[in-house]
Amino acid sequence: MVEVHLYGSLRRFASDQDPRRESIVRMPVSDTDTIASVVGRIGVPQQELSANVFLNGEYSTLSRRVKAADRLALFPQDMGLLYSWHFDRVAGPHPTCTIELRLYAGLEHYAQETESGSAVPCTLPKGAVAADLLHRLAIPAEAVQLVFVNGVSQQLDCPMQDGDRVALFPPVGGG
Amino acid sequence: MPKVLRINMAKRTASFEEVPAKYATMGGRWLTSSLVSDEVSPLCHALGEENKVVVAPGIVTGTAAPTSGRVSVGAKSPLTGTIKESNAGTSFGQKLARLGIQAIVVEGKPKEKGRFWLVRITKDGASFAPADASIGQGLYAAVPSILKQLGSPGHAAVLAIGSAGEQLMAAAGISFTDLSGRPSRYAGRGGLGAVLGSKGLKAIVVDDAGAPDRELADRTLFDTGRKKLARALTEHAITKPKGALNTYGTAVLVNIINEAGGLPTRNFRDGRFEGAAKIAGEAIFAGNKERLGTELYNHACSPGCVIQCSNAWHRPDKSVHTSCLEYESAWALGANCGIDDLDTVAELNQLCNDYGLDTIEIGGALAVAMEGGLARFGDGARAIELLHEIGKGTPVGRILGNGAVVTGKVFGVERVPAVKGQNMPAYDPRAIKGIGMIYATSTMGADHTAGYTIAPEILGVSGKLDPLDAHKADLARTFQHVTAFLDSTGHCLFIAFAILDIAEGFAGVIDECNGVLGTHWTADDAGRIGREIIQMERRFNERAGFTQAHDRLPEFMKYEPLPPHNAVWDITDSELDRVHGS
C-alpha cells in the first residue's frame, strides 16, 4: 500500500476531507507503478497537480517508481510554493537534460506567447520522460495526440535525453 | 529633491539634508546598509552612543508599482552583532517616499534614561512630543492613541516599539501600522526595537497629507514596467487573486514543509509535526469559514499590493483575534513548541505583537526553555504565561526576551539552533540543505529571507541523493545577491514566486527602477548591485570581528539525525566558504 496524502482541492478524492486533518487515500501498488499511475488510479487529473509532489518527503517527478509503504503527497496547482523551476536553474555538471520543444496546432498557448513551431527550451531532471514535459507546462494528456522525439513518433513514457527535439500535436483531422 | 531626515536623540533635533550623490540611486536595504556601513563603527555597542537606526523606503516605494509597500530598517544588531536590515510591509515607507524622504537616520543617545519620545513627520517638517502616556501600555492601545494625537485621519502611519524595545530586549522588533491602523506589521528580526529603545525613541508618526505624487524620471518606461510586473503577479498561481497566498496566506507552507520533512518540531528534534494540519493555512481558512459563516480571503498590508496575503484569525464570537498569522509565527509558536491549537498560537502571536517582539526569536526561546524544563512542550497555557512575563520584564521574562541563545545558556541547553546568535526560522537545514547554506553564510545570522532557496534537495527521479557540488554554493550566493537587490527595490519578496517563473515580470522590475531613477540598468546590474550590497555587509561584519568560523551551523546538527529523512548536516566547511568565494 502507498499512503497518499492529499491537500487543498485534492482532498475531495479522500473520504476525510477536513483540511484540519490528514486526507489520505491508501492505494495498493505493484512493481511497475509510478507516481503518475497511482495519481491516475485515484482519479486526480494531472493538470490539477502543482510541481510540489513529494515521495517520502522528496521532491519528485511523476515518472518516479513507487513501492509499498511509500508516502506520497500531492499539492494542487495553487499550492506549489516550492520553486518548480529549481531544476531549470541547474547548469554544468548537474544531471539534467535540455529539450527543444515545439508546440503545434493550438498547443502553443501552453507556453506563453510562443508562435506555432518556434522552439521552447525546457530543462528536465535526468531520467524524465515525455509525460514530464506535459506536466511541466500543465498540458493535459488528452490534449496531445502525437509526440515526436527527434522525428520519430513515440509514446508519453519515452525517456528524454539531453538535446532531444520534441514536437507535440493535438488531435488533428484533415482531409 | 529627496532628503535625508536626521533625528538626533541626544540633542532632540530633527534636520533635513540633501542626499549625497553616492546614495542617489539607492533605496531599501542598499541604502540602510550603505549608511550603516559608512556611519556606524562596526565595533560599537549596539545599544550605545555610536549605533544608528536607518529607515528607508525602497527605490519604487510610494509609486504605483504593484506590491511595493515595503520599508527597510537597518542598524548594528544587538542580537547578532552583525549589520542588520529588517523589512516590513506597511504604508509607512510609501508615506515617507511621498514626502520626499529617502531615509531617516536616528542617531545619538539621550543622557536621561527611561524617558521616551515621539517624532511626528509631515510635509511641514519634523517635531518631537513626549511619549510618557504610551509607556506601560500594550501597542494595540498605544498606537491608536498616538495616531489620534499626532496624525490626520486616513493619512498617517506609525512606526513604534513595544515594552520589549523599551526594556532593550534583543528579541524586540519594530511594529508598523497596517491598513486598519493596527500595529500588526513587523520589521521583526535582529532586535532593532531595542536599538530604538536605547535612543529613547518610542514611535515615529508619518503623515503625508498634502504630499504630491513622487516625481519619476521616465513615466512611460515606469508604466511599461509596472504593467509587466502586474501581469506576472496576476497570472501566477501563487500570487494571483485567490491564488495560494491570497487564500491561505504564507501559512500554506506548513503542510508543504511538513511533507518535505523539514518542519522543525519541538526545538528542531523532528522534521514532521503530527499537529501540522491543525495550524496550517488550510486550517486557518477552514476555521474562519466555520466561525464567520463565510469564506474569508486575505487582505493587503499596504496600498497597491496585488498579492494580499495577510490573514486575520477570528474567535468563535467573530471578533478578530490576531492579524497576521504568518507561516513563521504559526511554526515558531506552534510546531516548534509542540503546540497544535490555533487559538493558542493566535494568542501567542497577538501577545508578541502587543509587547513588540519577534515571533520567530520568541518561539525559538520558548522551545529552548521547554527543552530546559521551564515548561512542557505543548503546554500552551504556560507559554502564554511566559509571554506575559516577557512583556512585564520579570527576570525569567528578560531571559526569554533576549532570545534563544541567552535562554539556552541560562537553562543549560546545548541544542540551540542558532547562527551568529539568531534562532533559525521554519526550515530545518538537515532536510533542506540549500537553506542551511543560507543560514550559515548570510550576513545577518540564520535568516530565511536572505536567500529563499527553499527548493529541497534535488533527489531526482531516480531517488539517489545528488552529491553536493560547487553548484549549490553558486546557487546560495546568487540567491543572496538577487534577494539583496529585491530588498532594495521596495518590492515584497513574494514577487519572486512570480518573476522567477515569468521572465517578463523580472524585466518589469528593472524597467520600473529605470523609470523612477533615470538609470539604464539591466538584469546583470541587478546581480551586480546585489553583490555589492552583500560584499559591503560582509566587510562590516569582518570589521566587527566575524570570520569564516562564524559561517557555520550548530554542532549538534552534525551528529543528530532529523527524522523522517534521518539526515544530518554534512556540508563541509570548504563548501560553505565557497559561497562567498574563498
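These legends accompany close-up views of a predicted model.

**View 1. Overall confidence of the predicted model, with attention to chain B.** The model as a whole scores ipTM 0.88 and pTM 0.88. Within chain B the mean pLDDT is 94, and 97% of the residues reach 70 or more.

**View 2. Chain A and the contact between its two domains.** Chain A is divided into domain 1, covering 2–79, and domain 2, covering 85–169. Where the two domains meet, seven residues of domain 1 of chain A are in contact with nine residues of domain 2 of chain A. On the side of domain 1 of chain A that touches domain 2 of chain A there are three nonpolar residues and four polar residues, with no charged residues. The secondary structure of chain A comprises two helices and ten strands, and from the N terminus on these elements follow the order β-β-α-β-β-β-β-β-α-β-β-β. Of the 175 residues in chain A, 38% are buried, and among the contacts in chain A with a separation of 6 or more, 63% are between residues 24 or more positions apart.

**View 3. The largest nonpolar core and the surroundings of Val254(B).** The largest nonpolar core holds 234 residues, of which Leu74(A), Val205(B) and Val254(B) touch the most other members.

**View 4. Thr250(B) in a loop between two helices.** Thr250(B) is found in the loop of chain B that runs between α7 (244–248) and α8 (253–259). Thr250(B) counts as buried because it has 23 C-beta neighbours inside 10 Å. Not counting residues up to four places away in sequence, Thr250(B) touches Leu245(B), Cys309(B), Glu326(B) and Tyr327(B). Gly287(B) is 37 residues from Thr250(B) along the chain, and the C-alpha atoms of the two are separated by 16 Å.

**View 5. Ser91(B) and its contacts from elsewhere in chain B.** The loop that holds Ser91(B) lies between β5 (83–89) and α2 (92–98) of chain B. Ser91(B) counts as buried because 28 C-beta neighbours lie inside 10 Å. When residues up to four places away in sequence are not counted, Ser91(B) touches Gly69(B), Ala157(B), Leu179(B), Ser302(B) and Pro303(B). Gly304(B) is 213 residues from Ser91(B) in sequence, yet the two are 9.6 Å apart in space, C-alpha to C-alpha.

**View 6. Helix α11 of chain B and the residue that follows.** Helix α11 of chain B consists of 14 residues, 342–355, and reaches 20 Å from its first C-alpha to its last, close to the 20 Å expected at 1.5 Å a residue. Because 13 of the 14 residues of α11(B) are buried, the helix is largely enclosed by the rest of the structure. Just after α11(B), Gly356(B) takes a positive phi of about 80°.

View 7. Most residues other than glycine have a negative phi, and most peptide bonds are trans. The peptide bond from Ser323(B) to Cys324(B) is cis, with omega near 10°, and Cys324(B) has its place in the loop between β14 (320–322) and α10 (327–332) of chain B. A cis peptide bond also leads from Pro563(B) to Pro564(B), with omega near 0°, and Pro564(B) lies in the loop between α21 (556–559) and α22 (573–577) of chain B. Thr67(B), a residue other than glycine, has a positive phi, near 50°, and its place is in the loop between β3 (53–57) and β4 (70–76) of chain B. Thr67(B) counts as buried, with 26 C-beta neighbours inside 10 Å. For Leu168(B), also a residue other than glycine, phi is positive and near 60°, and the residue is placed in the loop between α4 (163–166) and β10 (174–176) of chain B. Leu168(B) is buried, with 22 other C-beta atoms within 10 Å.

Methods
Residues numbered from 1 in each chain as written. Chains lettered and ligands numbered in written order. Predicted model: local features only at pLDDT ≥ 70, side-chain atom pairs only at ≥ 80, totals over all residues. Domains from an automatic or database assignment. Nonpolar A, V, L, I, M, F, W, Y, C, P; charged D, E, K, R; others polar. Core = buried A, V, L, I, M, F, W, Y, C linked by C-beta atoms within 7 Å. Buried ≥ 20, exposed ≤ 12 C-beta atoms within 10 Å, placed from the backbone. Helix = DSSP H or I, 4+ residues; strand = E, 2+ residues; numbered from the N terminus. pLDDT = per-residue confidence, 0-100. Expected span 1.5 Å × (residues − 1).
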